[in-house]
Amino acid sequence: MATVDLRQLDRREMEHLLQEMGHPPYRGRQLFRWVHNRGIASIEVITDLPKELRGQIAQQSEIRVPAVVGLETSRDNRTRKMVLKLPDGEMVEMVVMEYLGRDSRDRITLCLSTQAGCAMGCLFCATGMGGFRRNLTTGEIISQVLAGQKLVAVSGYRISNVVYMGMGEPLLNYQAVLKSIHILNDENGLGISYRRITLSTCGLVPEIRRLAGERLPIVLAVSLHAPNDHLRDRLMPINRKYPLVELMAACRDYIWQTGRRITFEYALARGVNDSMVHARQLAELVAGMKVNINLIPLNPVAGAGLRPSPRGQVQEFASYLLKYGTEVSIREEMGGDIQAACGQLRRRVLAGTTEQAGEKGVKNAGRRAVPHRLGQA
Ligand code: SF4
């Protein structure tokens with residue numbers, strides 16, 4: 001009999017599972033806490049459930065824990081990137097970034113993947129270059145957070161923020177992503193506030209409208225990267241299907257329906273989208289909208305032929321937007337020694353050009369320069 005992955009189940013489903021075995025719902029909540037808060041890898045360690053019940057649960061379910069097959073850490077120790085190997089051999093990346101003692105908002109942010117590969121083909125993205133493999137399950141999405149949590153727990157910390165901005169387009173894996181958001185938010189699990197969860201999309205208009213209907217107080221980030229259709233068609237093929245006029249209308253409706261601000265991600269590529277003409281076009285595009293423009297120093301990807309804009313140009317671009325009254329921020333560069341972008345560590349693991357790290361290796365991993373992805377969907 002096929003068994004269910006417990007990391008795949010939300011609290012209600014676990015309560016239901018235990019009820020079906022003839023036990024009260026609170027047993028399901030206990031199980032949920034062990035799986036989604038403590039991140040256990042074995043049903044056997046659940047000491048507050050009777051042995052007989054543990055045996056019953058183990059007959060019908062299991063806890064699928066992906067192996068850690070790649071781990072790299074930036075020189076400043078603040079950014080760690082992991083590659084997890086899934087049961088069918090697919091590999092996904094996740095990044096843990098520590099923002100501690102820098103400002104009043106201490107946080108540890110985990111950037112996770114929602115698909116193995118991606119079909120969107122954005123020009124600046126290593127994942128897009130590799131094509132689409134498959135959607136991740138809810139359990140596989142949750143497993144990334146639990147792996148990150150295990151990593152930071154060694155230093156006594158907890159993951160405080162989660163961004164769905166790794167490999168894949170989250171809105172093309174809608175149900176699994178939505179369910180994982182609810183599980184992460186559950187007070188019996190990690191209890192991560194919806195407001196500390198960011199979902200990033202490359203601009204899928206029907207799905208943005210669908211998400212608006214969920215009325216979730218999460219942060220929606222839309223990858224814009226170009227202020228006109230001509231350029232965006234080239235950088236992000238999805239624009240040919242949903243051009244800017246449709247995307248911006250969906251974004252306006254989203255803001256109106258949810259009352260929430262949208263973040264527009266804009267990665268600056270030298271000589272491509274970073275002129276003052278582009279800044280003016282961008283300011284005009286978002287005029288009157290409740291948005292924040294997040295400027296990102298582009299992370300160069302081999303083969304993409306794009307280079308990051310110089311720091312001064314990024315500042316000038318930001319100043320121009322500010323003059324127009326647009327709210328703007330510049331994403332802090334984490335791990336300046338890191339060269340690769342989204343999907344590159346996975347590619348190197350596949351090519352066998354990086355060290356392999358087992359579960360034990362997480363704790364013992366040395367500090368080395370690593371790739372970290374900054375400019376993604
Ligand atoms: S940037 Fe995001 S949406 Fe675009 S190809 Fe990469 S993973 Fe896919």
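Figure 1. Val163 counts as buried because 20 C-beta neighbours lie inside 10 Å, and 20 is the number from which a residue is called buried. The C-alpha atoms of Val163 and Leu199 are separated by 5.9 Å, although the two residues are 36 apart along the chain. Strand E9 runs parallel to strand E10 (residues 197–201), and three bridges join the two; in this pairing, Val162 stands opposite Ile197 of E10.

**Figure 2. The open sheet of 10 strands.** The strands follow the order E3-E4-E5-E6-E9-E10-E11-E12-E13-E14, and their pairing is mixed. E3 and strand E14 (328–330) stand at the edges, where each has a single partner strand, so that one side of each is left without a neighbour in the sheet. On average, and with direction ignored, neighbouring strands of this sheet are turned by 20° against each other.

**Figure 3. The hairpin of strands E3 and E4.** Strand E3 (residues 67–73) and strand E4 (residues 79–85) pair in the antiparallel sense over six bridges. Within this pairing, Glu72 stands opposite Lys81 in E4, while the bridge partner of Thr73 in E4 is Arg80. Five residues lie between the two strands of the hairpin. Strand E3 is mostly covered, with five of its seven residues buried, and strand E4 is largely enclosed by the rest of the structure, because six of its seven residues are buried.

**Figure 4. The hairpin of strands E4 and E5.** Strand E4 is also joined to strand E5 (residues 91–99), by seven bridges, and the two strands run antiparallel. One of the pairs in this arrangement is formed by Leu84 and its bridge partner in E5, Val92. The hairpin has five residues between the strands, and Gly89 takes a positive phi near 95°.

**Figure 5. Asn77 and His225, two residues with positive phi.** Most residues other than glycine have a negative phi. Asn77, although it is not a glycine, has a positive phi of about 65°, and its place is in the loop between E3 and E4. His225 is likewise not a glycine and has a positive phi of about 65°; it is found in the loop between strand E11 (219–223) and helix H8 (229–235). Is each of these residues buried or exposed? Asn77 counts as exposed because it has 11 C-beta neighbours inside 10 Å, and a residue is exposed at 12 or fewer. His225 counts as buried, because its C-beta neighbours inside 10 Å number 27.

**Figure 6. Packing of helices H1 and H2.** Helix H1 (residues 11–20) and helix H2 (residues 25–37) pack at an angle of about 130°, and their axes are 7 Å apart. This angle makes H1 oblique to H2, and H1 passes H2 in a right-handed crossing. On the H1 side, the residues that meet H2 are Arg11, Met14, Glu15, Leu17, Leu18 and Gln19; on the H2 side, they are Pro25, Arg27, Gly28, Arg29, Leu31 and Phe32.

**Figure 7. Packing of helices H11 and H12.** Helix H11 (residues 276–285) packs with helix H12 (residues 311–323) at an angle of about 35°, with 9 Å between their axes. H11 passes H12 in a right-handed crossing, and the contact is made by Met276, Ala279, Leu282 and Ala283 of H11 together with Phe317, Tyr320 and Leu321 of H12.

**Figure 8. Confidence and overall content of the predicted model.** The protein averages a pLDDT of 88, and 87% of the residues score at least 70. Over residues 354–377, however, the pLDDT is below 50, and this stretch has 81 contacts in the model beyond near neighbours in sequence. The protein has 14 helices and 14 strands, and buried residues make up 46% of its 377 residues. Among contacts between residues at least 6 apart in sequence, 70% join residues at least 24 apart.

Key: Residues numbered from 1 in each chain as written. Predicted model: local features only at pLDDT ≥ 70, side-chain atom pairs only at ≥ 80, totals over all residues. Helix = DSSP H or I, 4+ residues; strand = E, 2+ residues; numbered from the N terminus. Pairing = 2+ DSSP bridges. pLDDT = per-residue confidence, 0-100. Contact = placed C-beta atoms within 7 Å. Axes fitted to C-alpha atoms, helices over the stretch in contact; angles between N-to-C directions. Parallel < 35°, antiparallel > 145°, perpendicular 65-115°, else oblique. Left-handed = near helix turned anticlockwise from the far one by under 90°.
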